[in-house]
Each structure stands twice: as structure tokens, then as C-alpha cells.
Amino acid sequence: MPVFVEVALPVPMRQSFSYQVNAADEHRVHKGIRVKVPFGRQQLIGLVTDISNTCSLTPQQIKSVIEFLDDAPLLPDSLYKLTHWAARYYFCSVGQMLSQALPVALRKGAEVTANSTTFFLATPDGKSADLDTLKRAPAQRKVMTLFLERALTQEEVNALELSKAALKALLERGWIAKEVRAKALDLSWREELTLGEDPHQLNPEQAIAVATLNQQSGYHCTLLEGITGSGKTEVYLALLESVLKKGLQALILVPEIGLTPQTISRFKHRFNVQVAVIHSGLTDNQRLNAWRQARSGEAAIIIGTRSALFTPMPYPGLIILDEEHDSSFKQQEGVGYHARDLAVMRGHLEKIPVLLGSATPSLETLQNALSGRYHHLSLGQRAGAAEKVRQGIVDIRNQPLKNGLSHALLNEMRIHLDAGNQVLLFLNRRGFSPALLCHECGHLHECDRCDAFFTVHQSLGEIRCHHCGNHYAIPRQCHQCGSTMLMGQGVGTEQLAEALTKEFPKYPVVRIDRDTTSRKGALEGHLNAIHKGEYKILVGTQMLAKGHHFPDVTLVGLLDVDGALFSADFRAPERFGQLYTQVSGRAGRARKAGTVLLQTHQCDNPILRELMHKGYGEFARGQLEERKQALLPPAWHMLLLRAEAHRPEDADEFLNQVAAILPQNDNCEVIGPMPAPMDKKAGKFRRQLMFQTKERSQLQHSFEVALPQIEALPLAKKCRWSLDRDPQDLL
């Protein structure tokens with residue numbers, strides 16, 4: 001009897017595909033293994049989702065599986081269920097969701113387990129050699145010094161980025177040798193856990209939180225709401241200790257790659273265990289190795305960004321999401337899944353506790369905590385001897401500004417710098433100037449593919465669009481009137497750092513944004529230099545606002561935040577509140593008192609007043625009430641349909657037809673179609689439609705019924721359209 005398999009492929013079609021299994025391979029068929037199959041003119045790798053003896057295709061249509069890549073399922077049952085649940089929830093194909101869950105190397109057909117490890121070690125000749133003979137080869141000398149201390153694996157050699165030429169030269173000299181050893185599974189940490197340092201003394205609030213969390217067994221979701229600097233990481237470490245002592249693994253998700261270096265070092269110092277790190281800054285092989293360590297159980301702790309959520313753990317014990325409010329947990333391209341929501345679902349499937357930590361919880365999480373769906377723990381005191389921060393507003397109406405800085409802020413900076421402290425200035429605009437203006441005719445140079453102005457990047461000598469990446473050399477003449485009097489309008493981080501270097505020549509300035517940290521290791525280098533006190537003035541975008549611990553920063557200045565108070569996005573006040581609270585939290589984290597100054601033209605703004613006088617906790621609860629009255633998430637549930645086309649009427653007409661298919665009544669609402677806040681991007685016109693329902697299940701059911709009809713619309717092929725469930729960004 002013939003055997004057929006259903007295969008989930010990484011293609012956007014919401015279906016699986018049937019293939020026949022050759023008689024010789026029938027014994028190898030299992031659910032959840034990878035297979036290579038023909039698909040059109042190409043060959044793709046997919047996962048087997050079902051096995052049967054019947055197939056609806058005719059014998060002429062059915063193709064055979066080319067190759068079986070595994071002998072056993074790749075993912076444990078819980079992760080398999082999670083990807084199926086997520087595919088249904090986010091209205092995408094199982095194949096697309098599974099391709100999010102697997103490292104790239106596995107999607108390309110790499111081996112699941114590595115049976116051997118390659119080591120490099122010093123030979124007897126190398127150990128007795130005189131290193132002074134390498135005076136003229138400093139790279140070889142540096143590499144040799146390392147090997148004299150200990151043998152290194154191929155992965156460690158890659159991670160340390162050792163010179164390949166030096167390595168080759170030393171191998172040829174016979175000073176080091178390459179050795180392949182059979183890989184033995186090391187699970188010693190499960191028998192006995194050793195600590196690298198003594199735990200800190202917990203304050204009463206922290207101790208109560210840890211005791212409460214340690215009493216939980218099975219699935220529980222808890223929000224740990226702790227003000228900035230209240231020592232949430234110390235609670236995580238104390239909780240990890242009890243989890244690891246039981247021989248169980250922990251998964252820790254952080255929002256940005258920038259936060260991983262300091263998180264990793266804290267955990268590595270505390271526990272003598274293998275830590276697997278997974279984020280997009282690693283090579284495909286490095287990610288695969290970390291995935292293997294986690295899957296085999298060798299890695300006791302897995303730390304990573306959003307994609308690490310799907311890492312298999314044979315001994316699951318705990319999932320922690322640090323800074324759970326952060327919008328980078330939501331994927332914007334492709335499948336728009338939210339790592340926080342899937343982490344909670346994973347905890348549910350694995351029957352393990354989930355801890356969400358934040359000083360500024362998202363309104364979704366806060367509502368779940370207040371309604372009793374999640375447990376709620378609070379830390380209201382700053383850890384150690386840290387004092388509360390002084391806050392002040394600088395009203396810059398009618399004030400002269402020097403490169404975006406008021407006199408009051410400059411004077412305050414001088415006082416803090418002369419006292420030997422560090423100052424952090426936050427400006428959420430990278431580049432030199434946000435726009436290029438002609439002084440004669442007033443023309444602003446706009447991107448020819450987007451409704452956005454070019455940002456001037458002086459150091460690169462170019463104007464660049466931050467939305468589509470379009471860039472040109474800085475023009476000499478105005479495109480409108482030919483005048484040569486062109487000037488940057490507004491201040492970006494690059495211009496601010498340049499101006500501060502002239503204003504405070506004695507105090508070194510460092511700029512941290514996406515432009516200065518794009519090189520590998522650049523961010524770690526900057527952060528280490530800040531901790532050593534090499535820089536006194538820190539200028540940066542959001543990258544600096546999140547989770548970093550700078551003990552010597554006593555003054556934080558926020559420049560130009562007015563734009564955040566007026567936005568087309570209903571989440572803007574919540575985002576602003578989180579940003580303000582997070583940036584303020586960088587000041588006065590050790591024994592020194594901290595000050596936060598906010599420059600604004602809007603000093604009477606009610607959002608600002610409420611935040612400064614009542615703090616984020618009360619502000620967020622007020623925002624929740626407003627959303628409930630406006631029937632907006634999290635009170636109601638939203639699905640956003642985006643359509644883009646070369647002709648705006650195609651996108652409009654398509655979304656009008658979609659609106660006609662969707663139900664509308666007291667519990668279902670359709671808003672739109674309407675132009676996106678940025679109408680034109682990368683040469684295409686963008687329109688959007690919102691579908692909202694009172695109940696989550698209603699949204700799921702209504703849209704599952706409507707989706708096949710929407711896909712059958714002739715205009716669906718003329719537009720590029722996408723779905724975003726629980727959208728975090730309406731822009």
C-alpha cells in the first residue's frame with residue numbers, strides 16, 4: 001500500500017503539500033522530520049506534518065520525496081503544538097511558522113547533531129618554543145599566548161575572531177595541532193550546581209517576590225512590575241538558582257542584542273554552567289551550535305532575542321521575558337508574531353512558570369495582571385543605596401537653543417561633569433540633521449520613493465531615507481531653485497555629538513546609535529569604555545535607554561520629545577511613558593543622586609504632567625481606562641490589513657471589497673480603508689483597514705470564515721497585502 005506524507009513548506013500559501021514516499025524509505029517516515037521535496041522548479045526543505053495511505057491528487061500530479069534528512073522528530077511535541085497554534089492565530093501557513101522556529105542552517109539541510117568537536121591545542125614544540133621569535137608577527141604571538149593557556153574549540157576560535165593567517169602559520173610551524181574528538185554529552189550541571197559568586201543580599205521586597213515565585217509549580221504567568229533600578233535581575237538570578245538546582249533549564253528573552261552582553265556576563269559570573277546565546281548578530285553556524293547545546297540539555301541557560309523563543313529544551317523549567325513591554329518582541333516583517341504572547345502559550349504547553357519583568361509593563365500585560373489572569377508582584381524600592389531621581393522640565397518656548405540644547409541644560413551638564421560624573425543625552429534621531437533645507441526658497445529635500453524627508457549623514461557625505469534606504473551624495477545645489485545655500489534643518493545624534501565635543505573639549509563624547517554600532521563588537525566596546533569612565537558624555541537613541549546599568553551617570557537629558565506626544569498611533573502616549581521612564585531610570589543607579597531634565601515646548605501637556613507627578617504605574621492605569629472607553633486594544637481585539645500598490649486606487653478598491661466581506665455589528669467593527677500615516681513608501685501607495693471585535697474568539701472565527709473569500713478576490717493579486725494580528729505599530 002502506498003504511503004503519502006503532508007509536508008509544511010516555507011511558502012506563504014496557507015496549506016500543506018502531498019508527496020509520495022518511495023517504498024525503500026517507508027520505514028523512515030515520522031511526523032516532524034525534515035524532507036527535501038520538489039516544488040515547482042526548485043527543491044525545498046519542509047517538515048512532515050501528517051502521514052496517510054490515501055491522497056486526493058491524481059498519480060500524474062503526485063511527486064515523490066527526494067530525501068529524508070532526519071531519523072527522529074526535530075522539535076518536541078510542545079513546540080510542534082505551539083507552531084500549529086501560532087500559525088492559526090496569526091493566519092499564516094504552518095510551513096512559514098515552522099521556518100521561524102528552526103535555525104537557518106537546519107532549513108538549509110545541516111545535521112541536527114554534531115558527533116565530534118574540533119580542538120586546537122599547543123604541541124610540545126609549541127610549549128617549549130620561545131615567543132620572542134614572534135616579535136615581528138604580533139598576531140601569531142597573540143594567538144599562541146592563548147593556546148598556551150588552554151585548548152580551544154573551533155567555535156571558540158571563531159567567536160574570538162582570531163587571525164586565520166596566524167592560525168595557519170602556527171599549524172605549519174607545528175606549534176599547534178588540530179584534533180577531532182568524539183563529542184560526549186556533558187550534563188554534569190544537572191547533578192551538582194556550582195556558583196561562581198555569592199548571591200547578593202535581597203531586600204525584603206525582592207525576598208518576598210522570590211519566595212512567592214519559588215512556591216509555584218506547573219504553569220503560572222507572573223508580572224514582576226519593578227521601578228527602574230529596583231533589582232529585577234537579582235530576582236531572576238535567585239529564581240534561576242532554585243530552577244537549576246532541580247536540574248531544569250531556563251529560557252531568558254531580552255529585547256535587543258545590545259542588552260545581551262551584560263545579561264550574559266551577569267549570568268555567567270553567577271552560575272558555572274553552559275550558557276547558549278541566540279540572536280541575529282551570530283552566524284548561521286553559531287546559532288546552530290547554540291540550538292544544539294540547548295536541545296541536548298548541555299546548555300542550562302538559553303539567552304536570546306525574539307527568535308530564541310522556539311529553542312527546544314529537554315528539561316524545561318522556566319521562561320523569563322525581561323523588558324516585556326518592548327516593541328522589538330513583535331516581529332514586523334513576514335509572520336507578525338509576538339514573542340511575549342507565544343512565550344506565555346509555550347509555558348502553558350510545557351506546564352512551566354513564565355515571568356514577565358518590566359518597570360513599564362505594556363497595557364496588555366497590565367490588564368491581564370489587574371484582572372487576575374496573571375499573578376502580580378511589585379518592587380517599589382530602588383535596590384541598594386540608590387535614591388529616587390529628581391525630575392525637572394525645561395520650558396524651551398521662546399528660548400534660544402544651541403544645537404538643540406537650552407542654556408539651563410548646558411549649565412546643569414557643566415555642574416555634573418565638573419563633579420566627575422557622566423551625563424547621558426537622549427535624542428531619538430540618528431544622523432546629522434533630520435532634513436535638508438534650501439535657505440533661499442525653503443524647499444525641503446524629500447525622498448522620491450516615500451512621503452518622508454531625507455536625513456543628512458555628514459560623516460558618510462550622503463542624504464539617506466530611513467524608511468526605504470534610498471541614498472544620494474549630499475547635493476551641492478537646491479533641486480528646486482539651484483541655490484547653493486543648503487543647510488541641515490533640526491538636530492540628529494551625529495550633529496549633537498559634534499557640537500558637544502566643541503562645547504566641552506575636556507570631556508570625551510561617545511555616540512551610540514545604529515550607525516555607530518553596526519560593526520560586530522562595536523556596542524560591547526563602547527559599553528565597556530563607558531563603564532571604565534573613558535567617556536563622560538553619552539549621546540544616543542533608544543539603544544541607550546534600555547536596561548543598561550551606568551553607575552556614574554547622574555544627569556539624563558531628553559531633547560526633542562514633543563514629536564512623541566503627537567502621533568497618529570493610539571499607542572503613542574503609552575510608548576512615550578515607557579520611554580521617558582526607561583531613560584530616566586538610567587540616572588542615579590548607584591550611590592549618587594540622579595537628575596532628569598526634559599526639554600519641551602509642551603510643558604502643560606496633561607500626559608507629561610501625569611507621568612512626572614504620578615509615575616508610570618498610575619499613568620498606565622489611566623491609559624487603560626481611556627482605551628476601554630475608546631473601544632481600543634487591549635479592551636477590544638484588533639487585526640490590521642495593509643495593502644500596497646503602484647496605483648492607490650487598486651489598494652483602496654481591494655480593501656473596500658475586504659470590508660464588504662467582514663461582518664459589522666455591535667461586537668464587530670470595520671474602520672477604513674484609509675491611507676497609512678506614511679502614505680507612500682518605497683514607491684508604493686499604502687492603505688490600511690482595521691477589523692476589531694469585542695471578543696478574541698470572535699475575531700478568530702469571523703476572519704477564518706472570511707479569509708478564503710479574500711484570497712479569491714481578483715484584486716488580491718494586483719496588490720501586495722498582509723495581515724497584522726494585535727498590531728504594535730500603525731505606521
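Strands S29 and S30 run antiparallel and are joined by eight bridges, where strands (E, at least two residues) and helices (H or I, at least four residues) are DSSP runs numbered from the N terminus, and where two strands count as paired if DSSP finds at least two bridges between them. The model is a predicted one, in which local features need pLDDT of at least 70 and side-chain atom pairs count only at pLDDT 80 or more, while totals for chains, interfaces and linings use all residues. Residues are numbered from 1 along each chain as its sequence is written, and side-chain values use heavy atoms, with hydrogens and water left out.

Within the pairing of these two strands, Glu 669 stands opposite Gln 692 in S30, and Lys 681 stands opposite Lys 684 in S30. The two strands form a hairpin with two residues between them, and in this turn Ala 682 has a positive phi of about 50°. Lys 684 belongs to strand S30, which covers residues 684–693. Apart from its neighbours within four places in sequence, Lys 684 is in contact (heavy atoms within 4.5 Å) with Glu 644, Ala 645, His 646, Asp 679 and Arg 720. By contrast, the C-alpha atoms of Lys 684 and Asn 214, which lie 470 residues apart along the chain, are separated by 53 Å.

Side chains of opposite charge can pair when their charged atoms come close. The structure holds 31 salt bridges, a salt bridge being a side-chain nitrogen of Lys or Arg within 4 Å of a carboxyl oxygen of Asp or Glu. One of them joins Glu 711 to Arg 14, with the closest N and O atoms 2.8 Å apart. This pair links distant parts of the chain, 697 residues apart, since Glu 711 lies in helix H23 (residues 696–711) and Arg 14 in the loop between strand S1 (3–8) and strand S2 (17–21). Glu 711 is partly exposed at 33% relative accessibility, and Arg 14 is likewise partly exposed, with a relative accessible area of 33%; here buried means under 20% relative accessible area, exposed over 50%, and partly exposed in between (1.4 Å probe, protein chains only).

A salt bridge also forms between the side chains of Lys 402 and Glu 503, at 3.0 Å from N to O. Here too, distant parts of the chain are linked, with Lys 402 in the loop between strand S17 (390–395) and helix H15 (407–418), and Glu 503 in helix H16 (residues 493–503), 101 residues apart. Lys 402 is partly exposed at 43% relative accessibility, and Glu 503 is partly exposed at 23%.

Glu 234 is among the buried residues of helix H10, as are Lys 232 and Glu 241. This helix (residues 232–245) has 14 residues and reaches 20 Å from its first C-alpha to its last, close to the 20 Å expected at 1.5 Å a residue, the expected span being 1.5 Å times one less than the number of residues. H10 is mostly covered, as twelve of its 14 residues are buried. Just after H10, Gly 247 takes a positive phi of about 80°.

Finally, a search of the whole structure finds zero disulfides, a disulfide being a pair of cysteine sulfur atoms within 2.5 Å. Cys 603 is buried, with a relative accessible area of 7%, and Cys 668 is buried at 4%.
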